[in-house]
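We will go stop by stop.

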Amino acid sequence: MGSIGLREAAEQSYANAHYASEQLTKLPGIRRVYSSDFFNEFVIEVEDLERRFSHAVSTGIVPGIKLARFGGRRDELLVAATEIHNRKDIDALCASLKGTR
């Protein structure tokens, strides 16, 4: 990958992560923890994380990294998006974390 390809991959990663953040935070019980700008990773607080995480995994989606395993709060999830993700993938992630009972 040359410099142009690297730049395109970085721009796509940034756009995908920001789209994911916007869509996820529209869901009830999900909010961004930090308001600062980010590149392709961000932390969300997820109400009823264990149930929602398990549901996502049961649909074949790993929604992120639970930060509790690293000493973070048990309701926080680190989410990342890269150039290999697309809006369909991100929409599926959102659907899997919707939180309907």
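Select Ser-96: is this residue buried or exposed? Ser-96 is buried, because its relative accessible area is 4%, under the 20% cut-off. Bear in mind that this is a predicted model.

**Around Ser-96**

Show the neighbours of Ser-96. Leaving out residues up to four places away in sequence, Ser-96 touches Arg-52, His-55, Ala-56, Thr-59 and Ile-61. Ser-96 itself belongs to helix H3, residues 87-96.

**Along H3**

Now select Ile-90, Leu-93, Cys-94 and Ser-96, the buried residues of H3. They span an arc of only 165° around the axis, so they lie on the same side of H3.

Turn to the face of H3 directed away from the buried side. There you find the exposed residues Arg-87 and Lys-88.

Stay at the start of H3 and select Asn-86. A side-chain oxygen of Asn-86 comes to within 3.0 Å of the backbone nitrogen of Lys-88.

**The sheet**

Next, colour the strands. There are 4, forming an open sheet in the order S1-S2-S4-S3, with antiparallel pairing. Strands S1 (30-32) and S3 (65-66) are at the edges; each has a single partner strand, so one side of each lacks a neighbour in the sheet.

Zoom in on S1 and strand S2 (residues 41-46). The two pair in the antiparallel sense over 3 bridges. Pick Arg-31: its bridge partner in S2 is Glu-45.

**Over to H1**

Select Glu-22, in helix H1 (residues 3-24). Glu-22 is partly exposed, at a relative accessible area of 48%.

**Zoom out**

Show the whole protein chain. Its secondary structure amounts to 3 helices and 4 strands. From the N terminus, the elements run α-β-β-α-β-β-α. The radius of gyration is 14 Å, close to the 13 Å that the globule rule gives for 101 residues, so the chain is as compact as a globular protein of that length.

Draw a box along the principal axes: the C-alpha atoms fill roughly 45 × 25 × 25 Å. Buried residues make up 35% of the 101 residues.

Notes:
Residues are numbered from 1 along each chain as its sequence is written. This is a predicted model: local features need pLDDT of at least 70, side-chain atom pairs count only at pLDDT 80 or more; totals for chains, interfaces and linings use all residues. Side-chain values use heavy atoms; hydrogens and water are left out. Two strands pair if DSSP finds at least two bridges between them. Buried means under 20% relative accessible area, exposed over 50%, partly exposed in between (1.4 Å probe, protein chains only). Contact means heavy atoms within 4.5 Å. The arc is that of the directions from the helix axis to the C-beta atoms. A polar contact is a pair of N or O atoms within 3.5 Å; within protein, one must be able to donate a hydrogen and the other to accept it, and residues adjacent in sequence count only if both atoms are side-chain atoms. The radius of gyration is taken over C-alpha atoms; the globule rule is 2.2 Å times the number of residues to the power 0.38.
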